[in-house]
Amino acid sequence: MLKNKVAIITGSGRGVGRAVALKLAESGARVVVSDKDEEPAAEVVKEIHELGGNAIAFPGDVTDGDFSTSIMETAAKEFGSVDILVNNAGYTWDNLIHKMTDEQFQAMLDIHLIAPFKLTRAAAPYMRDAAKKEIANGEATYRKIVNVSSVAGVMGNVGQANYSSAKAGMIGLTKTVAKEWGPFNINCNAVAFGLIDTRLTQSKEKGETVNGVAVGIPEKVKKMFEQSIPQQRAGTAEEAAAGIFYLASPLSNYTNGQVLHINGGWYT
């Protein structure tokens, strides 16, 4: 279904991003696997190659100044185009509002909102400008941008004023890009995840960190969340990736500016 399409997926060395990379590659896409850490990105590329797919690794921090332009240039140079952009990279840095620092708030805006904006803007020559030429020739090629938001961005969440604000902003960005770039056959949609099993939602007692920040959810709180979900469990990375696949595929050619809620019925 995605034969000859070129997909850039940020944060794809682990978790949902990895599942998306494998899913898109399985469907024929040539994938740019991007992660801050070089080793997991290389491992995912290896997995794709072993499955008979085509992929390259592009390690780097999405918040770095030249990241957005560099990854677009690399994708175009290596594979010839940019057809799919999945803005997935991110982490959480929680605190209550009255205790939250400026650094905490800004860090979440930087990675969850400003970086996706810069990546989208950097994609313009490869998506929007390319589409102009195609339309002038009577052609219609669909391209896709999928932004990863969260239930927290739709309904807020205690301890996540920074994360919720950034994820809500991503929904506004999504809807605006859909309106501005829709005439160029570019579909821009978002997924809003609920509780998905990743290292960001694993038991906090495991003590894992991202960028020096402890991540995870206390085990008691996680079990409480699971009990409040109609399906009584967290979603898997593969289930989350399936929603992104739909929005990145031709199945969604007339779906634009929408937020797909993937949460087991937690929020409807």
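This is a predicted model: local features need pLDDT of at least 70, side-chain atom pairs count only at pLDDT 80 or more; totals for chains, interfaces and linings use all residues.

User: Is Asn 185 buried or exposed?

Analyst: Asn 185 is buried, with a relative accessible area of 18%, where buried means under 20% relative accessible area, exposed over 50% and partly exposed in between (1.4 Å probe, protein chains only). Asn 185 also has a positive phi of about 60°, although it is not a glycine.

User: Where is Asn 4, and what is its phi?

Analyst: Asn 4 lies in the segment before strand 1 (6-9), and its phi is positive, at about 70°, although Asn 4 is not a glycine either.

User: Back to strand 6, then: how many of its residues are buried?

Analyst: In strand 6 (residues 186-193), 8 of the 8 residues are buried, so the strand is largely enclosed by the rest of the structure. Ile 186, Cys 188, Ala 190 and Ala 192 point one way from the strand, whereas Asn 187, Asn 189, Val 191 and Phe 193 point the other way, and all are buried.

User: Which strands does strand 6 pair with?

Analyst: Strand 5 (residues 143-150) runs parallel to strand 6 and is joined to it by 8 bridges, and two strands count as paired if DSSP finds at least two bridges between them. Within this pairing, Ser 150 has Phe 193 of strand 6 as its bridge partner. Strand 9 (residues 259-262) also pairs with strand 6 in the parallel sense, over 4 bridges, and there Ala 190 has Val 259 as its bridge partner.

User: Zooming out, what does the protein chain have in helices and strands, and how much of it is buried?

Analyst: The protein chain has 8 helices and 9 strands, and buried residues make up 50% of its 268 residues. Along its principal axes, the C-alpha trace spans about 55 × 40 × 35 Å.

User: And what about contacts along the sequence?

Analyst: Among contacts (heavy atoms within 4.5 Å) between residues at least 6 apart in sequence, 68% join residues at least 24 apart.

Key. Residues are numbered from 1 along each chain as its sequence is written. Side-chain values use heavy atoms; hydrogens and water are left out. Helices (H or I, at least four residues) and strands (E, at least two) are DSSP runs, numbered from the N terminus.
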